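Here are my notes on the model you passed along.

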Amino acid sequence: MSNLRDTVGLCIPYGSENAQYVTEFEPATATLWGYFNAKHGVPCFNLGLLREITAHEEALSAHGGRLTIGAETFEVSHYVLGSRTPGVFSMGGDLALFAMLIKTQDRQALENYARLCIDNVWRRVRNYSSPTLTTISLVQGEALGGGFESALASDVIVAEESAQMGLPEILFNLFPGMGAYSLLARRIGQRAAEKLILSGKILSATELHELGVVDVVAADGRGETAVRDWIAKNAKRRNGVQALMRARQLIHPVAREELDGIVGLWIDAAMRLTERDLRMMDRLVRAQMLALESEAAPGGQESLMAGRPLAAA
């Protein structure tokens, strides 16, 4: 019997609305929406956010892509990852935490952080142990470093025209170690992936679409509509589309051992950073905070990497 839950766009919130990661479920399309929901400071993967995502996604994986809301259990067909922070998808890793752990040479704490990141990427790459779940990243605003990596972990990337993505880690003498190389190489090839990583450049959604990284470019403010359009367009052929995406994973598999090995290299490299490198990292943190304050001010809107002061350091 039809009821209000058959209405496309009607979502059921669950979990805490005050969390750093909030979730909603749309029964009509069996779509789970997850949003980064930064409460203060730089919208990045701080430990609190990582633990919230882990708790949610461990449960989703344990139930093979099914979730329970109240007394009802639903099978998830699509899981969309987005952000509720205006102008920002995610600024990536917690650089302030990185700098502190490197300065104190706390390798174990840095490794624990990195493993949490890899665990979340791995669950998404594996589609939460469901053979029929499609993952979609909706990028509105800036996705840098680990933010770009989290977007890359999805089957499909939808980005609004003003979105910008990139991997600035090379600017402070590091590289992105939480999946970027593995995931980019499978989308655009190894040489193109290395060129993008080593450039440190921040690219527009259109540029990344031309490279083959972004699948759909939407007009600003139309990102969620574009996601729903993609889901509706593929609804009648979802079985075939889903099987093709699983075939893609068989042709270009991402092994957990590969992710673990690369993150180990990242930890080694991070522990070798010099004082000069850490000063550059600190400058990026300050630039992010200033840009966020500028955007929050009346009439203020500025790219978080505008001018990229690190490039000339």
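1. Where is the place of I262? Bear in mind that this is a predicted model. I262 sits in helix 10, which covers residues 256-271. With a relative accessibility of 18%, I262 counts as buried, because the cut-off for that label is under 20%. Leaving aside residues up to four places away in sequence, I262 touches F175, G177 and S182. T85 is another matter: the C-alpha atoms of I262 and T85 are separated by 30 Å, and the two residues are 177 apart along the chain.

2. Now the overall picture. The chain has 11 helices and 13 strands. Its radius of gyration is 19 Å, close to the 20 Å that the globule rule gives for 313 residues, so the chain is as compact as a globular protein of that length. Along the principal axes, the C-alpha trace spans about 65 × 50 × 40 Å.

3. As for contacts with a separation of 6 or more, 70% of them are between residues 24 or more positions apart.

4. Charges next. How many positive and negative side chains does the chain have? There are 31 positive and 36 negative ones, and the centres of the two sets lie 4 Å apart. Side chains of opposite charge can pair when their charged atoms come close.

5. Take D282 and K103. They form a salt bridge, with the closest N and O atoms 3.6 Å apart. This pair links distant parts of the chain, since D282 is in helix 11 (residues 275-296) and K103 is in helix 2, 179 residues apart. D282 counts as partly exposed at 22% relative accessibility, and K103 is also partly exposed, with a relative accessible area of 46%.

6. D268 and R107 also meet through their side chains in a salt bridge, at 2.5 Å from N to O. Here again distant parts of the chain are linked: D268 belongs to helix 10 and R107 to helix 3, 161 residues apart. D268 has a relative accessibility of 30% and counts as partly exposed. R107, at 36%, counts as partly exposed too.

7. Which helices hold D260 and R115? These two form a salt bridge whose closest N and O atoms are 3.2 Å apart. D260 lies in helix 10 and R115 in helix 3, so the pair ties together parts that are 145 residues apart in sequence. Both residues are partly exposed: D260 has a relative accessible area of 25% and R115 has 23%. Please look at the neighbours as well, as E111, R115, D119, R256 and D260 are linked in a network of salt bridges.

8. Back to helix 2, the one that carries K103. This helix runs over residues 95-103, and its buried residues are L95, L97, F98, A99, L101 and I102. An α-helix has 3.6 residues a turn, so residues three or four places apart point the same way. Helix 2 is followed by Q105, which has a positive phi, near 55 degrees.

9. Is S130 buried or exposed? S130 is buried, with a relative accessible area of 5%. Its place is in the loop between helix 3 (107-125) and strand 8 (134-139). Not counting residues up to four places away in sequence, S130 touches G64 and G65.

10. Last, L67, which is found in strand 4 (residues 66-69). At 6% relative accessibility, L67 counts as buried. Which residues does L67 touch, not counting those up to four places away in sequence? They are Y14, F25, L32, L60, E72, T73, F74 and V76.

Technical notes
Residues numbered from 1 in each chain as written. Predicted model: local features only at pLDDT ≥ 70, side-chain atom pairs only at ≥ 80, totals over all residues. Heavy atoms only, no water. Helix = DSSP H or I, 4+ residues; strand = E, 2+ residues; numbered from the N terminus. Rg over C-alpha atoms; globule rule 2.2 N^0.38 Å. Contact = heavy atoms within 4.5 Å. Lys, Arg positive; Asp, Glu negative; His and termini not counted. Charge placed at Lys NZ, Arg CZ, Asp CG, Glu CD. Buried < 20%, exposed > 50% of the residue type's maximum accessible area, 1.4 Å probe, protein only. Salt bridge = Lys/Arg side-chain N within 4 Å of Asp/Glu carboxyl O.
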